[in-house]
Structure formats: structure tokens, C-alpha cells
Amino acid sequence: MLRRAGLSLRHFLLERKGSAGYSSCSREAKMSRPVQARRLEGIDKNIWVEFVKLAATYSKVNLGQGFPDFPAPDFLQEALRRALGENHMLHQYTRAFGHPPLVKVLAQFFEKLLGRELDPMTNVMVTVGAYQALFCCFQAFVDEGDEVIVIEPFFDCYETMVKMAGGTPVFVPLRPKAPKDGKLMSSADWQLDPAELASKFSAKTKAIVLNSPNNPLGKVFSQGELELIAELCVKHDILCISDEVYEWLVYDGRQHIRIASLPGMWERTVIIGSAGKTFSATGWKVGWTVGPDRLLQHVRTVHQNSVYHCATVAQEAVAQSFQRELRLYGKPDSYFVQLPRELQQKRDLLVQSLVAVGMKPIIPEGTYFLVADISEFKSDVPDVPSSDEPYDYRFAKWMIKNKGLAAIPLSAFYSEGHKNSHSNFIRFCFAKEEATLKAANDILQKWKQEKTSS
Ligand code: PMP
């Protein structure tokens, strides 16, 4: 039609520049109206983009982003090979809300853990990693004007996902209490102040996000702490989004307690889990939600209209791996028994290295992360007072570039207003081969020697 009228497309667009907002400044016709949706304002910067790139460029040893560098278990890999070869239909779509064998075995597993009957079709939904489960929950439950309580420090996407849903995150901190007798601090020394927590609940509160075991501290919330949160949830009639991706990674004989098993909580809780953490395969991106149908029906609506479903073969292999774990539940050969045992040794190895050089670790009760105090090393890193970045950001970047060791600044897990009060710590991931942890130890020892000889 344009051709017939004797106009090229470029001419046509340039002619329309005034009325339709096309710019003639560049040779390419560009839109001049804002393209970004308002809900993305202020959330377009992300720590992981920057630190993953820095680590890839400079680090010799990467203890930054949370993923194991050891192989996923043989049974998981074999299950995937079988799934790929045995049944060609596993290359096709499966049920949108979860491949039937996976939702069935997850329901059986969680029936055992929660002590209640579950319907695989309505009480379980499979997602693309725990990340998508979180996204679906915030989209499903949070309206404009709703408040969501987030316990600091927190897995950073909670804040941005709440905002994208139109809600307002309300932060409440875990406050550290220094242990007596000069002992090392434990993640258990970081606690909620009950009165402060209670003061955050209001008529606007729609939900609280609980992450136990907690990334980044490794805190495993105690029965008493969970009861306190549960009582407030029931009293104010609010939802609990319970991110339990590290549920099997708990050390020193501690128990992971599921808040959904406390009185009045099942009806208002969505449990979120991840095969990535459970089976040391973060790249698979298989996650799940478990909860009452009354809540999950809305999570399903978001999932149906965004992602639809995740890779069938991966779901099949995760299903078979859960069947194995169900048979071996509580037995020494269970991966859920073996993995925390191995990780506890790795934790202790990293703790020793850090203590030896004077970077005081906070001993984590769970997860595969460890937060360490870097105050002793401050004098080594040139301070840039004009920079508006928190100190730990500068420290971590300097360490990656100059020492080849990657870690993540703790303030990345705090809201904007609170970043500068927690900028003396960095987070390490210890889900690594012994050789990787030894290489980190070598870097730290050399650094310490250079410090003492200078
Ligand atoms: N929640 C927490 C607390 C996490 O640490 C992570 C991953 N780092 C996720 C959710 C996302 O898990 P997935 O990789 O299964 O999406």
C-alpha cells in the first residue's frame, strides 16, 4: 500500500515523526515515547549481572554465586538419560501445572513431612525453579497498596518481585547479638525483635516472606521464632510465602521446621522448594509450590498465563529421584542425609580458612552460604569516600580483581535504606569441591602473609 502511494517505509515513518512520536534525529527511526513500564522503575539494576560478570572475568576461585561445582548425583543424571531415551513422549508438553509423576511423588513426600493428606493435582504445582514459584506467588496475592513483610537480610528478588506486583515491601531486620566469651558468632545469634516484628503488621499487610534456612546468613529459624511469626500471621489473617529451598541443608543435628505444620498455618502458607538445591542441579530450574488449593488456584492462574510449564524430561528425572529418596527416607544412603553431611565438612573447612586469616565467619546452621566479617581487612582496600556504593561492594569488587577470589557483598541482601549499616560482611558459597576450597584457602593465606610482612 505504501509503495503504491509512492512512499518508502522510512519516508512514511519520518513524515509521521511529530504526531506519532518517531524521531528523525538518528538515521534509524526510534520511538520517543517512554518504552519502560512504570513497574520496572528503580528495579532495572541487579547485583547478579555485575558480580557474575566480574567473577567470570577476574576470579580464579569463585565462591560468589550459589551453585555447586561438584557433579549432581549419579542417580539424577541416570534418570535424565533414561528420560531422554526411553519414551519419546517425554520430549513433548506435559500437564501445565506439573508432570503427573512429579506432582504425585511430591505429594507423597510432603504428606510425610507435613503429616497431612495432599492431592497431587491441587496441592502441588511445578514451576521453573523456585524463582518462578516466588514470582507467581507475588503476582497471585499482592495488589497495589498491599504491604509484604520481608525479613532482612533477604534473597534480593523478594523486594523487586513485591514491587513489580504493585506492593510495598516492609522490612524487619534480624538483629545480631554478639556472643559472650569471644566465641564465633552463629547465624542463630541473628534474631527478630518480637515487638519490632509485631509493629510491622497492619491492616495493609497481605503477606510475610519467610526464608528458613535463610540465604545469606544460613539461619535456621527455631520453633519459638516460627511460633511467633505464625501467631502474628493468624492474628492479622495474612499469608505466609515460605521459601524453603534449603530445607535439606541443615547442620549440627538441627531440624528444619516447616511453618505450615504449625497451628492455623497450613491454610495460609505456600511452601516453595527447588530441585536445584535439593539435588545439586541449579541449572535444571525445576521448583515447586505446595499449599492449600484455595491459594494454589491463583498461583496456577499466573503460571498458566506466563510460563505454562517447565521441561518435561527434567520433571521426569526429578520425579524418579524423589521416588528414590522416598524409598530411602531417613536411611544412610539417602541423598538428603549424605549431602548435608558433606556440606557440613565443607563449611568447617571454609570456617577454618577464614578464622586462620582473621576474617570472622558467622557459623551458618543451614544453606551452603557463610557470611564473614571483613573489618580486619579494611585497611588493605583503598576507600573511595566519594563513591555512593556501600563499603562491602567496593571490598568484594577489589577482592575479585586483585586477589582473584569472588564473594558477594552482604549489603546486596538489604533494602536501600539499610545497606550502609551492614557493609562489613561478605557472603561465600561453600558448595564447592575440596580443591576449590583449598585454592580459596591458598589465596587467603598468601594475602594474610602479605599483610603481616608489609
Ligand atoms: N530462594 C532462595 C532463598 C534462593 O537462594 C534461590 C537461589 N539462589 C532461589 C529461591 C531460587 O531457586 P531456583 O534456582 O530453584 O529458581
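**A friendly note on the sheets, core and rings of this model**

1. A word on what you are looking at. This is a predicted model, in which local features need pLDDT of at least 70 and side-chain atom pairs count only at pLDDT 80 or more, while totals for chains, interfaces and linings use all residues. Residues are numbered from 1 along each chain as its sequence is written, and side-chain values use heavy atoms, with hydrogens and water left out.

2. Which strands are the partners of E10? Strand E9 (residues 205-211) runs parallel to E10 and is joined to it by 5 bridges; two strands pair if DSSP finds at least two bridges between them. Within this pairing, Val209 stands opposite Ile241. Strand E11 (residues 269-274) also pairs with E10 in the parallel sense, over 4 bridges, and there Cys240 has Thr269 as its bridge partner.

3. Now follow the chain from E9 to E10. Together with helix H9 (residues 223-236), these two strands make a right-handed β-α-β unit. Right-handed means that, with the strands pointing away from the viewer, the path from the first strand over the helix to the second runs clockwise. H9 lies across E5, E9 and E10, at about 165 degrees to E9. Such angles run from 0 to 180 degrees between N-to-C directions, with axes fitted to C-alpha atoms, for helices over the stretch in contact; contact means heavy atoms within 4.5 Å.

4. Step back to see the whole sheet. It is open, has 7 strands in the order E4-E12-E11-E10-E9-E5-E6, and its pairing is mixed. At the edges are E4 (124-127) and E6 (168-173), each pairing on one side only. On average, neighbouring strands here are turned by 20 degrees against each other, direction ignored. Helix H5 lies across E4, E11 and E12, at about 125 degrees to E4.

5. There is another open sheet to find. Its 4 strands come in the order E13-E14-E17-E16, with antiparallel pairing. Strands E13 (360-362) and E16 (408-409) each have a single partner strand, so one side of each is left without a neighbour in the sheet. Helix H13 (residues 335-357) packs on this sheet, touching E13, E14 and E17, and its direction makes about 10 degrees with that of E14. Between E14 (residues 369-373) and E17 (residues 425-429) there are 5 bridges, and Val371 is paired with Arg427.

6. Which residues touch the most other members of the largest nonpolar core? They are Met359 and Phe428, in a core of 143 residues. A nonpolar core is a set of buried Ala, Val, Leu, Ile, Met, Phe, Trp, Tyr and Cys residues joined through side-chain atoms within 4.5 Å. Beyond its neighbours within four places in sequence, Phe428 has contacts that include Leu63, Leu350, Met359 and Met399.

7. Finally, look at the rings. Rings of Phe, Tyr and Trp (its six-membered ring) pair if their centres lie within 6.5 Å; planes under 30 degrees apart count as stacked, over 60 as edge-to-face and the rest as tilted. This rule gives 28 aromatic pairs. Trp288 and Phe322 have ring centres 5.4 Å apart and planes at 80 degrees, so they are edge-to-face. Trp288 lies in strand E12 (residues 287-290) and Phe322 in helix H12 (residues 312-327), so the pair ties together parts that are 34 residues apart in sequence. Tyr391 and Phe395 form a tilted pair, 6.1 Å centre to centre with 50 degrees between the planes. Both lie in helix H14 (residues 391-403), 4 residues apart, about one turn of the helix.

Definitions and conventions: Buried < 20%, exposed > 50% of the residue type's maximum accessible area, 1.4 Å probe, protein only.
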